[in-house]
Amino acid sequence: MPQPCILVAEDEWIIAADLCETVEEAGFHVEGPHCDVSSAMRAFKKHRPDVAILDVQLSDGTAYALARKLADEHVPIIFHSGRYTRDEVLDKFPGATTLAKPCPPAQIIAAVNEVLHTA
């Protein structure tokens, strides 16, 4: 069985590297990190991920348009933000999984496993 693919979109280099390492060490395949919406969108168009971890604010704007495209394709999304509150995200994506930065690795992996199992 192939490893689930996790798309990571995060514009802060250290956080992006940490997220990717956390996800890889848990046994998942990582697509990214992508620092902007446009590169994450290109990656999504080439290969549909099983889950996406998105920082809300990327270097070229908010990830909401990307999130809408992912949601239209039934890709579970985990929003990971230090700038936007859970309520702000839920206003645009009711029922979304949200994690506040900083987030412990175990909580990130638990969220990935949860959305994979409910998808």
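Helix α1, which covers residues 13-25 and so counts 13 residues, reaches 18 Å from its first C-alpha to its last, close to the 18 Å expected at 1.5 Å a residue, where the expected span is 1.5 Å times one less than the number of residues. Helices (H or I, at least four residues) and strands (E, at least two) are DSSP runs numbered from the N terminus. This is a predicted model, in which local features need pLDDT of at least 70 and side-chain atom pairs count only at pLDDT 80 or more, while totals for chains, interfaces and linings use all residues. Residues are numbered from 1 along each chain as its sequence is written, and side-chain values use heavy atoms, with hydrogens and water left out.

The buried residues of α1 are A16, L19, C20, T22 and V23, and they lie on the same side of the helix because they cover an arc of only 160° around its axis, the arc being that of the directions from the helix axis to the C-beta atoms. On the other side of α1, W13, I14 and E25 are exposed. Here buried means under 20% relative accessible area, exposed over 50%, and partly exposed in between, with a 1.4 Å probe and protein chains only. What covers the buried residues of α1 includes β1 (5-9), β2 (29-34), β3 (51-54), β6 (77-81) and α5 (105-118), with contact meaning heavy atoms within 4.5 Å.

Five strands form an open sheet in the order β2-β1-β3-β6-β7, with parallel pairing; two strands pair if DSSP finds at least two bridges between them. Because β2 and β7 (97-100) stand at the edges with a single partner strand each, one side of each is left without a neighbour in the sheet. Strands β1 and β2 pair in the parallel sense over four bridges, and the bridge partner of A9 in β2 is H34.

Some backbone angles deserve a separate look. Most residues other than glycine have a negative phi, and most peptide bonds are trans.

| Peptide bond | Form | Omega |
|---|---|---|
| G32 to P33 | cis | near 15° |
| K101 to P102 | cis | near -10° |

P33 is found in strand β2, whereas P102 lies in the loop between β7 and α5. Just after α1, G27 takes a positive phi of about 95°. H74, although not a glycine, has a positive phi of about 65°; H74 sits in the loop between α3 and β6 and is exposed, with a relative accessible area of 65%.
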